[in-house]
Amino acid sequence: MFRATRYARILRSSFYSTRSTTSSTFPQIKPPFTLETAKAKVKAAEEAWNSRNPARVALAYTEDSDWRNRTSFFKGREAIKEFLTKKWEKELDYKLMKELWCFQGNRIAVRFEYEWHDDGAVSYTHLRAHETGR
């Protein structure tokens, strides 16, 4: 159940990239997208993030992925792993929901929400944003 409301800035990345990843543990769903494959790509992303496994999530992105999260800018899978490790040390019981917003050809846009709490927090923090990619 999602609780308190707060908005987040957009986290940009190349999760939906047309370039293949090196992981056999992440499904290779490539464009052009149909409604079925676009939904499958979004579901796979949601499952990876909800695993709270930085290595698994990082493998879903291209090796040269550029990320921005609020005031942080970084590049590449190793930086993604470092960022997510720190993020999930602080953000306990992290839960993400992703929803296909729209798609066309090799592009997908998603709406996502997530919630978490820190040590000792009685209430959860809830954020919403949109993400687009290829």
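How many bridges join β4 to β5, and do these strands run parallel or antiparallel? I begin with that pairing, and I note at the outset that this is a predicted model. The answer is that β4 and β5 are antiparallel and are joined by 10 bridges. One of the pairings involves Leu100, whose bridge partner in β5 is Val110. The two strands form a hairpin with two residues between them, and there Gly105 has a positive phi near 60 degrees. Please also look at Lys98 and Phe112: Lys98 lies over the face of the Phe112 ring, 5.5 Å from its centre.

The largest nonpolar core comprises 26 residues. Those with the most contacts inside this core are Trp49, Val57, Tyr61, Trp67, Ile80, Leu84 and Tyr114. The elements that each supply at least two of its residues are the helices α1 (35-50), α2 (54-59) and α3 (77-90), together with the strands β4 (92-104), β5 (107-117) and β6 (125-133). As general background, nonpolar side chains in soluble globular proteins tend to be buried together.

The structure holds 10 aromatic pairs. In one of them, the rings of Tyr61 and Trp67 have centres 5.0 Å apart and planes at 70 degrees; an angle over 60 degrees counts as edge-to-face, so this pair is placed in that class. Tyr61 and Trp67 are both buried. They also belong to one aromatic cluster, whose other members are Trp49, Phe74, Phe83, Trp88, Tyr94, Phe112 and Tyr114.

The next element is α3. This helix has 14 residues and reaches 20 Å from its first C-alpha to its last, close to the 20 Å expected at 1.5 Å a residue. Its buried residues are Arg77, Ala79, Ile80, Phe83, Leu84, Lys87 and Trp88. How are these buried residues arranged when seen down the axis of α3? They fall within an arc of 150 degrees, and therefore line one face of the helix. In general, an α-helix has 3.6 residues a turn, so residues three or four places apart point the same way. The face of α3 turned away from the buried side carries the exposed residues Glu78, Lys86 and Glu89. Ile80 and Leu84, on the buried list, are also among the core residues with the most contacts.

I shall finish with the loops. In the loop between β1 (6-7) and α1 we find Pro32. The peptide bond from Pro31 to Pro32 is cis, with omega near 5 degrees.

Arg52 sits in the loop between α1 and α2, and its phi is near 55 degrees, a positive value in a residue other than glycine. Is Arg52 buried, exposed or partly exposed, and why? Its relative accessibility is 39%, so Arg52 counts as partly exposed.

Arg70 lies in the loop between β2 (66-69) and β3 (72-75). Its phi is positive too, near 55 degrees. Arg70 has a relative accessibility of 33% and therefore counts as partly exposed.

Ala60, in the loop between α2 and β2, counts as buried because its relative accessibility is 4%, and the cut-off for buried is under 20%. Ala60 and Ala48 are 12 residues apart in sequence, while their C-alpha atoms are 8.1 Å apart in space.

Key. Residues numbered from 1 in each chain as written. Predicted model: local features only at pLDDT ≥ 70, side-chain atom pairs only at ≥ 80, totals over all residues. Heavy atoms only, no water. Core = buried A, V, L, I, M, F, W, Y, C linked by side-chain atoms within 4.5 Å. Buried < 20%, exposed > 50% of the residue type's maximum accessible area, 1.4 Å probe, protein only. Helix = DSSP H or I, 4+ residues; strand = E, 2+ residues; numbered from the N terminus. Phe/Tyr/Trp six-rings, centres within 6.5 Å; stacked < 30°, edge-to-face > 60°. Lys NZ or Arg CZ within 6 Å of the ring centre and 35° of its normal. Pairing = 2+ DSSP bridges. Expected span 1.5 Å × (residues − 1). Arc of directions from axis to C-beta.
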